[in-house]
Amino acid sequence: MKTVVLTTIAGIFALATVNAKEVGKPAPQFAAKDLKGESVSLADLRGKTVVLEWVNFSCPFVKKHYSSGNLPKLQADYETKGVVWITVNSSAKGKQGYAEASEMTALADKQGNKAAHFIMDTDGTIGKAYDAKVTPHMYVIDKEGVLVYNGAIDSKATTDAEDVATADKLFANALAAVLAGKEVPDATNKPYGCGVKY
């Protein structure tokens, strides 16, 4: 019952449609500066597996995956396996989830974010290129620059941190498959969370 209630409150939470950027096609290119002032270009990351994670720290679905330690653990674990993890915040200035760079840096640290790069996409250019609908919305790009996963972090569309342990790990399973050179299971599925605040 809880999931039904959370996912039908119009204008607050949203479920993305599955016809977003197509898996199996080249991932949309982008170049930006991260919170540390470093240049990040998808073209320069060719040859590496890349994760894109859309975030809004005010979203209860995002809080679930940070307070449980799920996202920070995934970020740290996959960094050791050579994955380049990029967290993207597409909240526009004045909208929920937006913060100035210094404040966002402190907030990301407090939440335990361990991504290689954290990009403030305040004009929504990257988010719209990927058709990012919710937070968290997860993407995986393989070493050839092809989008190989577009979907949810897991199968339980609730805000309860205790549900992380028992959910089907859709995103983690996909990423493990990519690194193992195997076919990605459930490569396109419907992500859940709070609508991105463009």
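# Notebook: salt bridges, strands and a disulfide

I began with charged pairs, and found that Asp131 forms a salt bridge with Lys133, the closest N and O atoms being 3.2 Å apart. A salt bridge here is a side-chain nitrogen of Lys or Arg within 4 Å of a carboxyl oxygen of Asp or Glu. I noted that this is a predicted model, where local features need pLDDT of at least 70 and side-chain atom pairs count only at pLDDT 80 or more, while totals for chains, interfaces and linings use all residues. Residues are numbered from 1 along each chain as its sequence is written, and side-chain values use heavy atoms, with hydrogens and water left out.

**Entry 1: the charged pairs**

I looked up the cover over Lys133. Lys133 is partly exposed, at 32% relative accessibility. My cut-offs: buried is under 20% relative accessible area, exposed is over 50%, and partly exposed lies in between (1.4 Å probe, protein chains only).

How many salt bridges does the structure hold? I counted four. One of them joins the side chains of Glu100 and Lys93, at 3.8 Å from N to O. Lys93 is exposed, with a relative accessible area of 65%. Glu100 is partly exposed, at 40%. Another salt bridge brings together Lys25 and Glu22, at 3.5 Å from N to O. Lys25 has a relative accessible area of 43%, so I logged Lys25 as partly exposed. I also wrote down the general point: side chains of opposite charge can pair when their charged atoms come close.

**Entry 2: the whole chain**

I stepped back to the totals. The protein chain has six helices and 10 strands. Helices (H or I, at least four residues) and strands (E, at least two) are DSSP runs, numbered from the N terminus. Of the 198 residues in the protein chain, 51% count as buried. The accessible surface of the chain comes to about 9,000 Å², and 53% of that belongs to carbon and sulfur atoms. Accessible areas come from the Shrake-Rupley method with a 1.4 Å probe; for residues, only the protein chains shown count as cover.

I then checked contacts, meaning heavy atoms within 4.5 Å. Among contacts between residues at least 6 apart in sequence, 75% join residues at least 24 apart.

I followed strand β8, residues 138–141. Met138 and Val140 point one way from β8, and Tyr139 and Ile141 point the other way. All of these are buried.

Which way does strand β4 run relative to β8? β4 (residues 50–54) and β8 run antiparallel, joined by four bridges. Two strands pair if DSSP finds at least two bridges between them. I found Met138 in β8 as the bridge partner of Glu53.

Strand β9 (residues 147–151) also runs antiparallel to β8, again with four bridges. Here Ile141 has Leu147 of β9 as its bridge partner. β8 and β9 form a hairpin with five residues between them. Gly145, in the turn, has a positive phi of about 85 degrees.

I searched for disulfides, each a pair of cysteine sulfur atoms within 2.5 Å. The structure holds one. Cys59 and Cys194 form this disulfide, with their sulfur atoms 2.2 Å apart. The pair links distant parts of the chain, 135 residues apart. Cys59 sits in the loop between β4 and α2, and Cys194 in strand β10 (residues 192–195). The torsion about the S-S bond of Cys59 and Cys194 is about 85 degrees, so the disulfide is right-handed. Cys59 and Cys194 are both buried.

I moved on to helix α2, residues 60–67. Phe61, Val62, Lys64, His65 and Tyr66 are buried in α2.

I looked up His117 in strand β6 (residues 117–120). Is His117 buried or exposed? His117 is buried, with a relative accessible area of 12%. Leaving out residues up to four places away in sequence, His117 touches Asp34, Glu38, Val40, Val84, Trp85, Ile86 and Thr87. His117 and Gly37 are 80 residues apart along the chain, and their C-alpha atoms are separated by 9.7 Å.

Last, I checked Ser41, in strand β3 (residues 39–41). Ser41 counts as buried, at 18% relative accessibility. With residues up to four places away in sequence left out, Ser41 touches Phe30 and Ala31.
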